[in-house]
Amino acid sequence: MITQTAVSYYGMGSVETAARDFAEMREHGCSTVILAVTEFDFDFWRPNIPLIVDAAHKSGLRVLLDPWGIGKYFGGEQVSLFLQNNVENRQVSALTGEKLPYACFNTNSFRDYFRRICLTLAAEAGADGFFWDEPHYAFPKSYASITGGAGEDWTCRCPVCMKKFHDYYGYEMPRVMNDDVKSFRRREALFILSDTSRLIKELNPGLEITCCVHATLNGYYVSEHRGYDDWDAVAACPWFDVFSTTIINWELPRAFFEQITRRTVEVARKHHKLSERWLMGYYRQPADFRQVDEVVDLYRGLGVDRLAAWTYRGGFGSVLAAPDALRLWDAIGGNYKRVLNQ
Ligand SMILES: [Zn+2]
């Protein structure tokens, strides 16, 4: 049974506007809002955040906070203050040695920065939990990828990662990815989320953590190396409550939706977590809107616990709006009302 229907939301500038939008979300069958909190929101609109959370609660919505695009470590289009204010502690290309516009989340500098944002929000905002949104290393499409071309470059070969690797394995971190590098990358990548989640729960055990990773096959022939591709290891983290996998473009084959969803539910259940699947509610729309109903039925039929869509009003007004954004929003809303707690 689908027990949660979520939609993401941008914009911390006006409590009154947010309250109106939350009422519209309720009319669209949403039970939860995922608030995209950018670095700028945290830095500038911080007084508004608890008021907006409160307005959402008054509308009857649960609230999850999404540290959206922070350090460009998480998915999202927002710009990063961390990258603006720090020229070091960036991910470094293994092949060219160039510093890249992505924070290295294995450095204490970024780990402290991220922890401070989350613990401050955990203490101040009054939300119901956090949503870890597509964490990843840069150059994720390594070797082969169903969602993009093959690539050989990878990150991170910054001085911090190189030293950690040498301390652990006793030799210099190679430029060509080997099994030690793969293990190292995954272990370090999980640490920042695991540790921050643990601290959040210590502060308030009632706060719920969803970890949403990229929806990739990661089979024998095809693997992506974003750092969170070992779903078992991610779902096993004791501080995560919900295992979620991200949006699949409507144009991809139904078999892909099915495989990703089966594996998501299987891995979540194995580790006694709730499962969540996403709907693409921005940028692209199905050629035939009945596909929204079919995918929702597929998710429900395969035992998914929660649905989520990016984003409010189909991204209307943004460069990533779906062509018929409001129609897509209505199609998702109709489905949410149809399946929530049914
Ligand atoms: Zn690094």
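P174 counts as partly exposed in this predicted model, with 13 C-beta neighbours inside 10 Å, and P174 sits in the loop between α6 and α7 (179-203). Between P174 and G303 there are 42 Å in space, taken from C-alpha to C-alpha, for a separation of 129 residues in sequence.

**Packing of α1 and α3**

- Helix α1, which covers residues 15-27, and helix α3, which covers residues 48-58, have axes that come within 9 Å and cross at roughly 25 degrees; because angles under 35 degrees count as roughly parallel, α1 is described as roughly parallel to α3.
- The crossing of α1 and α3 is right-handed, and the residues that meet there are V15, A18, A19 and F22 from α1 and N48, L51, I52, A55 and A56 from α3.
- Sorted by class, this contact of α1 with α3 comprises eight nonpolar residues, one polar residue and no charged residues.

**Packing of α9 and α10**

- Helix α9 (residues 254-270) packs against helix α10 (residues 290-301) at an angle of about 30 degrees, and their axes are 10 Å apart; this angle makes α9 roughly parallel to α10.
- The crossing of α9 and α10 is right-handed, with F257, E258 and T261 of α9 and V295, L298 and Y299 of α10 making the contact.
- By class, the contact of α9 with α10 contains four nonpolar residues, one polar residue and one charged residue.

**Nonpolar core**

- In soluble globular proteins, nonpolar side chains tend to be buried together.
- The largest nonpolar core in the model holds 105 residues, and the residues with the most contacts inside this core are V7, V33, I34, L35, L65, F130 and C211.
- L65, one of these residues with the most contacts, touches L35, V37, L121, A125, A127, F130 and F131 when residues up to four places away in sequence are not counted.

**Cis peptide bonds and positive phi values**

- Most residues other than glycine have a negative phi, and most peptide bonds are trans, which is the background for the remaining points.
- The peptide bond leading from T155 to C156 is cis, with omega near 15 degrees, and C156 is found in the loop between β6 (129-133) and α6 (159-169).
- A cis peptide bond also runs from W310 to T311, with omega near 15 degrees, and T311 lies in the loop that connects β10 (306-310) and α11 (325-339).
- R313 is likewise placed in the loop between β10 and α11, and its phi is near 55 degrees, a positive value in a residue other than glycine.
- R313 has 23 other C-beta atoms within 10 Å, and because 20 or more make a residue buried, R313 is classed as buried.
- H272, which is not a glycine, has a positive phi of about 60 degrees and lies in the loop between α9 and β9 (274-280).
- H272 has 9 other C-beta atoms within 10 Å, and because 12 or fewer make a residue exposed, H272 is classed as exposed.

Key: Residues numbered from 1 in each chain as written. Predicted model: local features only at pLDDT ≥ 70, side-chain atom pairs only at ≥ 80, totals over all residues. Axes fitted to C-alpha atoms, helices over the stretch in contact; angles between N-to-C directions. Helix = DSSP H or I, 4+ residues; strand = E, 2+ residues; numbered from the N terminus. Parallel < 35°, antiparallel > 145°, perpendicular 65-115°, else oblique. Left-handed = near helix turned anticlockwise from the far one by under 90°. Contact = placed C-beta atoms within 7 Å. Nonpolar A, V, L, I, M, F, W, Y, C, P; charged D, E, K, R; others polar. Core = buried A, V, L, I, M, F, W, Y, C linked by C-beta atoms within 7 Å.
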